[in-house]
Amino acid sequence: MKELTLQQQCQVNGGGLATVIIYCIIGTGLYKIIKSKKGRISIPKLITLEWKH
């Protein structure tokens, strides 16, 4: 049986540093939506979210 390299092990386990960064960005956005009464998150030409509580 062939042993996996460290990079292959990270891929099997669900990703690496890029995945962690993406989860942090999503988590920060959700925290902002939950904690603020109104606001807007925008990624130009992709998505714009506005909310009021």
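A: The largest pocket is lined by Ile 25, Ile 26, Gly 29, Leu 30, Ile 33, Ile 41, Ile 43, Ile 47 and Leu 49, where a pocket is an open set of points on a 1 Å grid over the protein atoms alone, each a place where a 1.4 Å probe fits, with protein on both sides within 12 Å along at least five of seven lines, and lining residues have an atom within 4 Å of a point. This is a predicted model, in which local features need pLDDT of at least 70 and side-chain atom pairs count only at pLDDT 80 or more, while totals for chains, interfaces and linings use all residues. Residues are numbered from 1 along each chain as its sequence is written, and side-chain values use heavy atoms, with hydrogens and water left out.

Helix 2 (17–35), strand 1 and strand 2 are the elements that each give two or more residues to this lining, and helix 2 supplies the largest share, 5 residues; helices (H or I, at least four residues) and strands (E, at least two) are DSSP runs numbered from the N terminus.

Among the lining residues is Leu 49, which lies in strand 2 and is partly exposed, at a relative accessible area of 38% (partly exposed falls between buried, under 20%, and exposed, over 50%, with a 1.4 Å probe and protein chains only). Leaving aside residues up to four places away in sequence, Leu 49 touches Ile 33, Gly 39, Arg 40 and Ile 41, a contact being heavy atoms within 4.5 Å.
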